[in-house]
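Grab a pencil and work through these exercises with the structure open beside you. Try each task before you read its solution.

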Amino acid sequence: MRNETAFLFDLDGTLVDSVYQHVLAWKTALDAENIELSVWRIHRKIGMSGGLFTNQLLRETGFAMEPDRIERLRRAHAAAYQGLGRQVRPLPGARELLAFLTDAGIPWAIATSGRMETAAVNLAALGVDPKQSAVVTRDEVRYAKPDPDLFLAAAARLDAPIERAVVVGDSIWDMLAATRCRALGVGLLSGGYGSEELRQSGAIRVYEDPADLLDHIDEVGGRR
């Protein structure tokens, strides 16, 4: 008997070209709080949980992160990101990849560290209706990446064993989370992380973007 593969996708930088919009939105939010942080340092944190993000802010800037300030940052980031929403586009091959999996009867889900208030912008650009497809956001789990909760919840939504799942993501946080839940990690370069970084974090294969992954889908178990 054949073991069925399920695909669990990150969203930002994996299916939609939105990483740098998030970076700019966080920069706007941080500037409003008079917290100085270079853009490249913000980029390195995209995809991790909000709690880890603020912990790293404390380490790097020395600014206290009281709950009220954390909530102001979150709201300011969401508002700034929504203002950039028209710039968000699906990455090359993203829609075709999801259509291929659907047509082949291969289950797939999206698991994002973003809350629905920002994920909705990306899902709309991608043409995915969260009422029709399996989508898990930060709102639904206790911890986000690099904790495995999002991917575990996504696999459960599909009623698929996590050990048979392929996690597709663009950041080291995705690959670390995949390793922790015993799924196979596949990295994409479309979020700005390097191939070696992704491999060191647990990726078994690295491709350029969703189009490149679709061209090699048989290498990671995506057969009809």
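**Exercise 1: A proline and its peptide bond**

Find P146 and say where it sits, then describe the peptide bond that joins K145 and P146.

*Solution.* Start with the place: P146 lies in the loop between β5 (135-136) and α7 (149-158). Keep in mind that you're looking at a predicted model. Next, check the bond: K145 and P146 are joined by a cis peptide bond, with omega at about 15°. K145 also turns up in the contacts of S113, among them G47, M48 and R138. That serine is in the loop between β4 (108-111) and α6. S113 has 16% relative accessibility, so it counts as buried, the limit being under 20%.

**Exercise 2: Two helix pairs**

Work out how α4 is oriented relative to α6 and how α1 is oriented relative to α4.

*Solution.* Two packed helices are described by the angle between their axes and the distance between the axes.

Step 1. Take α4 (residues 67-83) and α6 (residues 116-126): their axes come within 9 Å and cross at roughly 15°. Angles under 35 degrees count as roughly parallel, and α4 and α6 are therefore roughly parallel to each other. The crossing of α4 past α6 is left-handed.

Step 2. Look at who touches whom. From α4 come R74, H77, A78, Y81 and Q82, and they meet E117, T118, V121 and N122 of α6. Sorted by class, this contact has three nonpolar, four polar and two charged residues.

Step 3. Now do α1 (residues 19-32) with α4: the axes are 8 Å apart and the angle is about 130°. That makes α1 oblique to α4. Here α1 passes α4 in a right-handed crossing.

Step 4. On the α1 side you'll find Q21, H22, A25, W26, T28, A29 and L30, facing L73, R74, A76, H77, A80 and Y81 of α4. These residues split into eight nonpolar, four polar and one charged.

**Exercise 3: Follow one leucine**

Is L30 buried or exposed, and which residues does L30 contact beyond its sequence neighbours?

*Solution.* First, locate L30 in helix α1. Its relative accessible area is 0%, so L30 is buried. Skip the neighbours within four places in sequence, and L30 is in contact with I35, L37, I42, L57 and L73.

**Exercise 4: An aromatic pair**

How many aromatic pairs does a search of the whole structure find, and how are the rings of F7 and F9 arranged?

*Solution.* The search gives one pair. For F7 and F9, the ring centres are 6.2 Å apart and the planes are at 20°, so the pair is stacked. Then check burial: F7 has a relative accessible area of 0% and is buried, and F9 is buried too, at 1%.

**Exercise 5: Positive phi**

*Solution.* N34 isn't a glycine, yet its phi is positive, near 60°. You'll find N34 in the loop between α1 and α2 (39-43), and it is exposed, with a relative accessible area of 61%. R182, also not a glycine, has a positive phi of about 65°. R182 belongs to the loop between α8 (172-180) and β7 (184-188) and counts as exposed at 56% relative accessibility.

Technical notes
Residues numbered from 1 in each chain as written. Predicted model: local features only at pLDDT ≥ 70, side-chain atom pairs only at ≥ 80, totals over all residues. Heavy atoms only, no water. Axes fitted to C-alpha atoms, helices over the stretch in contact; angles between N-to-C directions. Helix = DSSP H or I, 4+ residues; strand = E, 2+ residues; numbered from the N terminus. Parallel < 35°, antiparallel > 145°, perpendicular 65-115°, else oblique. Left-handed = near helix turned anticlockwise from the far one by under 90°. Contact = heavy atoms within 4.5 Å. Nonpolar A, V, L, I, M, F, W, Y, C, P; charged D, E, K, R; others polar. Phe/Tyr/Trp six-rings, centres within 6.5 Å; stacked < 30°, edge-to-face > 60°. Buried < 20%, exposed > 50% of the residue type's maximum accessible area, 1.4 Å probe, protein only.
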